[in-house]
Amino acid sequence: MRHSKAEKARTHKRIVAIASKRFREKGLAGIGIAQLMKQAGLTVGGFYKHFNSRDDLVAEAVGSALGRWKRQADAAASGGPPVTYELLVDEYLSEAHRNNPGTGCPVGALAGDIGRSGKRTRALVTAQIRDDIALLASLIRGANEADKGAARSKVILTYCALVGAIGVARAVSDEQLSREILKTLAVRLKRRF
């Protein structure tokens, strides 16, 4: 049975969406192609009609999850709710983000895995991290414009603190400690150290 190009594109998009969520929930090695294809209602044999390799799927799945802050900034520029440094910090270090890695930041969910992934995935993530750092910097401009090097260092430290804090908050089994990690980092970052 032949499928239309539109149907194939919809199926491809569905596979990528499922993989994106499951990879963030279980890690890149935590779920196999057979399981992903089964969740998509397809057979393993159909995988290669959509992807040349697992690395291609990983790159597309991770890439599809990137850009949340940019989408928020673009919406704000089009008259949507404003985006502030404080808002981004609060959303990133929220219990909702901690509890739902499948819909959250792929860097926070997969940083260690991404470091061991293919060149394409790492290039996509690198570009996104650069963009996220630039966005954070644009939101705190003027605080100390005279010393751009120090300001950039603070933005990089902020980004790394966000990613590290969400990872540690997810790693600990003590709910109270997890909340304390999130709240402590949020307060400190919003004070800008």
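## Terms and model

Buried means under 20% relative accessible area, exposed means over 50%, and partly exposed lies in between (1.4 Å probe, protein chains only). By that scale Asp56 is partly exposed, at 22% relative accessibility.

This is a predicted model: local features need pLDDT of at least 70, side-chain atom pairs count only at pLDDT 80 or more, and totals for chains, interfaces and linings use all residues. Residues are numbered from 1 along each chain as its sequence is written, and side-chain values use heavy atoms, with hydrogens and water left out.

## Overall fold

The protein chain has 10 helices and zero strands. Helices (H or I, at least four residues) and strands (E, at least two) are DSSP runs, numbered from the N terminus. The C-alpha trace spans about 65 × 40 × 30 Å along its principal axes.

Of the 193 residues, 37% are buried. A contact means heavy atoms within 4.5 Å. Among contacts between residues at least 6 apart in sequence, 68% join residues at least 24 apart.

## Two buried sites

His12 sits in helix α1 (residues 5-26). His12 counts as buried because its relative accessible area is 18%. Its side chain makes a polar contact of 2.7 Å with that of Glu60. Such a contact is a pair of N or O atoms within 3.5 Å; within protein, one must be able to donate a hydrogen and the other to accept it, and residues adjacent in sequence count only if both atoms are side-chain atoms. Leaving out residues up to four places away in sequence, His12 touches His50, Phe51 and Glu60.

Ala40 lies in the loop between α2 (33-39) and α3 (54-65). Ala40 is buried, at 7% relative accessible area. With residues up to four places away in sequence not counted, Ala40 touches Arg14, Ile15 and Ile18.

## Salt bridges

The structure holds nine salt bridges. Each is a side-chain nitrogen of Lys or Arg within 4 Å of a carboxyl oxygen of Asp or Glu. One of them pairs Arg120 with Asp56 (3.7 Å, N to O). It links distant parts of the chain: Arg120 is in helix α8 (residues 119-139) and Asp56 in helix α3, 64 residues apart. Arg120 is partly exposed, at 44%.

Asp90 and Lys190 form another salt bridge (2.7 Å, N to O). Here helix α5 (residues 85-92) holds Asp90 and helix α10 (residues 175-190) holds Lys190, 100 residues apart. Glu95, Arg98, Glu175 and Arg179 are linked in a salt-bridge network.
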